[in-house]
Amino acid sequence: MLDSIFQNLFNALQWGSFYSLIALGYTLVYGVLRLINFAHGDIFMVGAYIAFFLAMFFLQGDGGLSGPVILAMVIPLTMILTSVCGVALERIAYRPLRRKGANRLYVVITALMCGLILENGNLAFLGASRKSFPELIDKVVYNIGSISMTNLKIGVILSSILVYFVLNAIISKTRIGMAMRGISYDKFAIPLMGIPIDTIIMVTFILGSSLAGLAGILFAMSYPVLDPFMGALIGWKAFIAAVVGGIGDIKGAFVGGFLLGIVEILAMAIFPSTFRDLIAFSILMIILVIKPTGLFGIAKSTKI
Amino acid sequence: MKKQKSLLILISFIFIALLSLSPAMAQNIKIGFNIPLTGDIPKVGEESKFAGEMLLAEINGQGGLDVGGTKYKLEFIYEDNESKAESAVTAALKLIERDQVLAIVGPNSSKQAVPAGQVCNDNRTPMISPWSTNPDTTKDRPWVFRAAFLDPFQGPVAADFAIKTFKAEKAAVLYALANDYSKNLAEIFQADFNSKKGDGAVVAFESYGDKDQDFSAQLTKIISSNPDFIFLPNNYNEVALIVKQAHDLGWKGPFMGADAWGNSELMTLCGDDCKGHYFSTHYAAAGAKGATKEFIDKYNKLYGYQPADVAALTWDAINVVLAGIQNAGKITGDLRKDRKNIREGIAAIEEVKGITGNMKFDAEGDPIKCAVVVKINDAGEFEFTESVCP
């Protein structure tokens, strides 16, 4: 019994890592722009597909590259290309609306539509059949006591923790991070201080989308069946995780992601699996009823 | 005023266009396909469509279908149901009302076939599902038929095979909650296995939701209950993920699957992890003989891969409809009368020699036919192991 609890906790950490990585992207954009970027789950999907095509490209190349080398190239390239996609969305869809002074509600609806465009665009161009992600690293199963872990799962957990600390350092230690916090604090006064607001917003999208890209690679490696709608549900759930953690706060997104993973998996481990979502989301709702701003959220002040 | 006038002209144009279209089609026999071309299981839809195209080319190449001495050209209309229950209902209505088809082939999965069957029955249009194994599809619906065997037959086949081959005393089940096919088959299997090995022989009975990709919690529970094998009545895309994750969690025992495994995409998604496991299905492609082999070879030549059971069953289902039309003896041109004649024609079929076995229909519209158990061999082919007849 005790063993299966540890095994479940380990599984939950791995599953929560994905929620965390995606929730961080939601929270970054919300913190700076007060915009719920509903296309974020689909940017994650785009990231997974980019990783797939890059991996296939390198595997087919006659360089005879080994799996780990390919992975080392695929990770940064995917993050760059995915952030190009995120920035393109911002330039094409969100910025013109912002320029015209549209209400935030319209931007959110636009974001929802962008997500649908990405999903259906993928469906139209790549077809409905699923892609199978190649195995880039040899899977090793470790058994500690009766707990099974794989090198991949450990890697996923470690990278999400690493990402959190790097992101935290960027936000709190660098000048760009300071500017992001500034915009979040008062977006009308900041341009008067000579800070280029569009550049900072672009950086925010680059950060958020590259995290989604990273999550996409790790997800594709862990669950190697890709389809165009893979980002929709996990994106929604990660958004809920970000809200429960306190949207706009990166610690909140990080903790919220793991919390959702743990609640989901433990609900399943203790109760019949049929009740998973019912129990998991009831718990999250109770948290929100008690603390409507989320675990780490502060009502209407500086976020991020 | 001007706006109204132009609207009037537009409407009258549409009417004229519609009127001029309809008589041109009168000489064709229209059959609708309600299949998942996109969504969760696109390969299933694709194979159904390809099987349809193959048969269409063959029959129209001979000048058409001979009904009571007159040759009629066939016309197939493929409608996508996105592998969703609600879209299957819309697709069925579209085929019945807009396209005015004489009969509908599909939907394939029970998840869509159960609701679409209701629509077809209410609208008095013959429907035949190639692949649906859930009893509810045809139950109390005189207008609905199928080409596959039923889950109450398939569940015990899997249980018996596992008891014999794995010497199983304890079983675990993981099924998809939102999928009629998976849930129903899981319950039938549980009841049957428990009755054969005593209450509680199914030591774990776990489920997961739509679009889930992580099954680690359910599998941890299953593995800690220490079963002799895991029964997976799930779609091939989920099977690939479940089998891999179970191996990551240290599971080394066998899996037993059901007919939804039998898809040509299973091996590309699952790879080595699925080799050596068994599932029950409608036909085995490796080592087929006679008409079945002819079908497989022709399909392979045209489309470049081995057809799975759904292609073969679609082929049989269309042939059942065509035999029904020939039994009806004539095409009157009156849609309601023709549909009724075809329904009676199908119900009156003595026996159809299908490539998935010979079929007779019982009063419920279900065929009486055999199941096979196949093993996924080291080459990734589905190899015949055993045949079980009712």
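User: At what angle does helix 5 of chain B run to strand 14 of chain B?

Analyst: This is a predicted model, in which local features need pLDDT of at least 70 and side-chain atom pairs pLDDT 80 or more, while totals for chains, interfaces and linings use all residues. Residues are numbered from 1 along each chain as its sequence is written, and chains are lettered from A and ligands numbered from 1 in the order of writing. Helix 5 (residues 151-165) of chain B lies across strands 7, 9, 10, 11, 14 and 15 of chain B (DSSP runs of H or I, at least four residues, or of E, at least two, numbered from the N terminus; contact is C-beta atoms, placed from the backbone, within 7 Å). With axes fitted to C-alpha atoms, for helices over the stretch in contact, and angles from 0 to 180 degrees between N-to-C directions, the angle to strand 14 of chain B is about 50°.

User: Which strands of chain B stand at the edges of its open sheet of seven strands?

Analyst: The strand order in this open sheet of chain B is 8-7-9-10-11-14-15, with mixed pairing (strands pair if DSSP finds at least two bridges). The average twist from one strand to the next is 20°. One side of each edge strand has no neighbour in the sheet, because each has a single partner strand; these are strand 8 (202-208) and strand 15 of chain B.

User: What angle does the direction of helix 6 of chain B make with that of strand 7 of chain B?

Analyst: Strand 7 (residues 171-176) and strand 8 of chain B run parallel, joined by six bridges, and A171(B) stands opposite V202(B). Helix 6 of chain B packs on this sheet and touches strand 7, strand 8 and strand 9 of chain B. Its direction makes an angle with that of strand 7 of chain B of about 165°.

User: Is I77(B) buried or partly exposed?

Analyst: I77(B) belongs to strand 3 (residues 70-80) of chain B. Beyond its neighbours within four places in sequence, its contacts are K30(B), G32(B), F33(B), L95(B), D99(B) and V101(B). The C-alpha atom of D99(B), 22 residues away along the chain, is 8.1 Å from that of I77(B). Because I77(B) has 17 C-beta neighbours inside 10 Å, it counts as partly exposed.

User: Which element of chain A supplies the largest share of the side that touches chain B?

Analyst: The contact takes 24 residues from chain A and 28 from chain B. Elements of chain A that each supply at least two residues include strand 2 (141-144), strand 3 (147-150) and helix 9 (250-270). The largest share, five residues, comes from helix 1 of chain A.

Note on methods:
Contact = placed C-beta atoms within 7 Å. Buried ≥ 20, exposed ≤ 12 C-beta atoms within 10 Å, placed from the backbone.
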